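Biologist: I would like to learn how to read a few features of a protein model. Could we take them in turn, with the general idea and then the case at hand?

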Amino acid sequence: MNLPPPLTEFPTSGRIASVDYGTVRIGIAICDPDWILASPLQVHAVTQPDAGGYEMDEEYFRHLAREERVAAWVVGLPIHCDGGESDKSVDARKFANWLSHTTHLPARLFDERFTTVAANQRIRQSKTTRKKTKQRVDAIAAQVLLESFIEACRYRGELAGHALDETISGESLADES
């Protein structure tokens, strides 16, 4: 089935879902249409992690987009502390492009430095068991990512993050956080 290309115009309102991409688990958070409150939604286990298989999860993401009325995606971009990209950055970019094409929704990349650290701190403060912590940390990291994206948009008065096709230098990303 040939799908039309994804929308490139990122909305300024509507529900945004953020993704903390991993090759085994993908954390997902969502916000309200007015971009006020972000909440962890779920952690999705990749169907075939050994095969690099998020492509096997196509129907899952399409259903999620419809069910949650997602208007756009924000995908975390792993960046080194010096602002440089890594192999994981390349994987996250590929996933973001795939997700945008699969769901026909716009996506932006946003620096995810320290989101997992912040998620673990939040979970420790809630006195959650270790088993539950492991199950929830990726969704909480996605929530931290989405909160950071929303706050950056408010603070700047413009859309934060980077378009999927935008090349990013270490300097421009270092200014992002």
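Biologist: Does Cys-31 count as buried or exposed?

Modeller: This is a predicted model, and every value below is computed from it. Burial is read from relative accessible area, with under 20% counted as buried. Cys-31 has 2% relative accessibility, so Cys-31 counts as buried. For the whole protein, buried residues make up 47% of the 177 residues.

Biologist: How many disulfides does the structure hold?

Modeller: A disulfide is a covalent bond between the sulfur atoms of two cysteines. The structure holds zero of them. For Cys-31, the closest cysteine sulfur belongs to Cys-153 and is 9.8 Å away, which is too far for a bond. The cut-off is 2.5 Å between the sulfur atoms. Seen from the other end, Cys-153 is in no disulfide, and its nearest cysteine sulfur is that of Cys-31. Cys-153 is also buried, at 8% relative accessibility.

Biologist: At what angle do helix α1 and helix α2 pack?

Modeller: For a helix pair, one reads the angle, the axis distance and the handedness. Helix α1 (residues 58-67) and helix α2 (residues 87-103) pack at about 65 degrees, and their axes are 9 Å apart. Their crossing is right-handed.

Biologist: Which residues of α1 and α2 meet?

Modeller: From α1 come Glu-58, Phe-61, Arg-62 and Ala-65; from α2 come Phe-95, Trp-98, Leu-99, Thr-102 and Thr-103. By type, the residues of this contact divide into five nonpolar, two polar and two charged.

Biologist: How many aromatic pairs are there?

Modeller: An aromatic pair is read from two values, the distance between ring centres and the angle between ring planes. The count comes to ten aromatic pairs. One of them joins Phe-10 and Phe-149, edge-to-face, at 5.8 Å centre to centre and 65 degrees between the planes. Phe-10 lies in the segment before β1 (15-20) and Phe-149 in helix α4 (residues 130-156), so the pair ties together parts 139 residues apart in sequence. Both Phe-10 and Phe-149 are buried.

Biologist: Why is the pair of Phe-61 and Trp-73 edge-to-face?

Modeller: Planes over 60 degrees apart count as edge-to-face. The planes of Phe-61 and Trp-73 are at 75 degrees, with ring centres 6.2 Å apart, so the pair is edge-to-face. Phe-61 is in helix α1 and Trp-73 in strand β4 (residues 70-77), twelve residues apart. Phe-61 and Trp-73 are both buried. Ring pairs also link these two with Tyr-21, Tyr-60, Phe-95 and Trp-98 into a cluster. Phe-61, Phe-95 and Trp-98 also belong to the contact of α1 with α2.

Biologist: What phi does Trp-35 have?

Modeller: Most residues other than glycine have a negative phi. Trp-35 is not a glycine, yet its phi is positive, about 60 degrees. Trp-35 sits in the loop between β2 (25-31) and β3 (38-45). With a relative accessible area of 8%, Trp-35 is buried. His-104 likewise has a positive phi of about 60 degrees without being a glycine. The loop between α2 and β5 (107-111) holds His-104. His-104 counts as partly exposed, at 24% relative accessibility.

Biologist: Which residues does Glu-68 touch?

Modeller: Leaving out residues up to four places away in sequence, Glu-68 touches Arg-15, Ile-30 and Leu-41. Glu-68 is in the loop between α1 and β4. Its relative accessible area is 19%, so Glu-68 is buried, given the cut-off of 20%.

Biologist: Where does Ser-148 lie?

Modeller: Ser-148 is in helix α4. Ser-148 counts as partly exposed, at 31% relative accessibility. Its C-alpha atom is 9.1 Å from that of Asp-111, a residue 37 residues apart from Ser-148 along the chain.

Note on methods: Residues numbered from 1 in each chain as written. Predicted model: local features only at pLDDT ≥ 70, side-chain atom pairs only at ≥ 80, totals over all residues. Heavy atoms only, no water. Axes fitted to C-alpha atoms, helices over the stretch in contact; angles between N-to-C directions. Helix = DSSP H or I, 4+ residues; strand = E, 2+ residues; numbered from the N terminus. Left-handed = near helix turned anticlockwise from the far one by under 90°. Contact = heavy atoms within 4.5 Å. Nonpolar A, V, L, I, M, F, W, Y, C, P; charged D, E, K, R; others polar. Buried < 20%, exposed > 50% of the residue type's maximum accessible area, 1.4 Å probe, protein only. Phe/Tyr/Trp six-rings, centres within 6.5 Å; stacked < 30°, edge-to-face > 60°.
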